Amino acid sequence: MRRTHRERGFTLIELLVVILIISVLAALVAPNVFRHVGASREAAVRSQFELFGAALDAYRLDNDSYPSTEQGLEALRLAPTGDPLPRDWQGPYLNKEVPLDPWGHAYVYRSPGADPLHEYEISSLGRDGKEGGTGEDADLQSWH
C-alpha cells in the first residue's frame with residue numbers, strides 16, 4: 001500500500017507555525033513564572049526565620065540564654081561545647097540539620113544582636129551571598 005504525499009508528515013509551514021505559537025506562549029508565560037520565584041524564596045526565608053525563632057526560644061527556656069554567635073545555630077542540633085555552656089540542654093531543638101537559605105548560603109546568626117533591642121539576629125544574605133544589595137540580592141533579617 002502506497003502512501004500519498006499528504007500522509008507522510010507535517011509540512012515545513014505547519015512546523016514553523018507550531019514553533020511560533022510555542023515561542024509566543026513561552027515569551028508571555030516565562031516572565032510571570034520567574035517573577036514569582038524571588039518572592040517564593042523570600043517567603044521560604046521568612047518561614048525558616050519563624051522555625052529558628054521557635055527553636056531558639058525553646059533553647060533559651062532550657063538554658064537561660066540564647067546560643068552565642070560562636071556556637072551558632074548548630075547549637076540547636078548538637079549540645080554546644082564552647083562558652084557559655086548550656087545549663088540544661090534538652091535538644092535537639094531542630095529535627096533536621098540546619099538548612100541553607102534558598103540560594104544555598106548559610107544563615108548568619110548573631111547573639112547578642114548588633115541592635116540592643118534584639119537578643120539575637122538571623123540574616124540571609126540573598127542571592128549574591130554578600131551584605132547589601134537590591135532585589136533578590138538584598139539581605140533579609142529576622143527582625144524585619
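The legends below describe close-up views of a predicted model. Local features need pLDDT of at least 70 and side-chain atom pairs count only at pLDDT 80 or more, while totals for chains, interfaces and linings use all residues. Residues are numbered from 1 along each chain as its sequence is written, and side-chain values use heavy atoms, with hydrogens and water left out.

View 1. Ile13 belongs to helix α1, residues 12-63. Helices (H or I, at least four residues) and strands (E, at least two) are DSSP runs, numbered from the N terminus. The relative accessible area of Ile13 is 59%, so Ile13 is exposed (buried is under 20%, exposed over 50%, partly exposed in between; 1.4 Å probe, protein chains only).

View 2. Strand β2 spans residues 121-124 and contains Ser124. Ser124 has a relative accessible area of 0% and is therefore buried. Leaving aside residues up to four places away in sequence, Ser124 touches Val45, Phe49, Asp101, Trp103, Tyr107, Ala138, Asp139 and Leu140, where contact means heavy atoms within 4.5 Å.

**View 3. The salt bridge of Glu97 with Arg77.** A salt bridge is a side-chain nitrogen of Lys or Arg within 4 Å of a carboxyl oxygen of Asp or Glu; by this rule the count is six. In the bridge between Glu97 and Arg77, the closest N and O atoms are 3.3 Å apart. Both partners are in the loop between α1 and β1 (108-110), 20 residues apart. Glu97 is exposed at 53% relative accessibility, whereas Arg77 is buried at 18%.

**View 4. A salt-bridge network of Arg110, Glu121 and Glu131.** These residues, Arg110, Glu121 and Glu131, are linked by salt bridges. For Glu121 and Arg110, the closest N and O atoms are 3.7 Å apart. Glu121 lies in strand β2 and Arg110 in strand β1, so this pair ties together parts eleven residues apart in sequence. Glu121 is buried, with a relative accessible area of 3%, and Arg110 is partly exposed, at 29%. Glu131 also forms a salt bridge with Arg110, with the closest N and O atoms 4.0 Å apart. Glu131 is in the loop between β2 and β3 (140-141), 21 residues from Arg110 in strand β1. At 64% relative accessibility, Glu131 is exposed.
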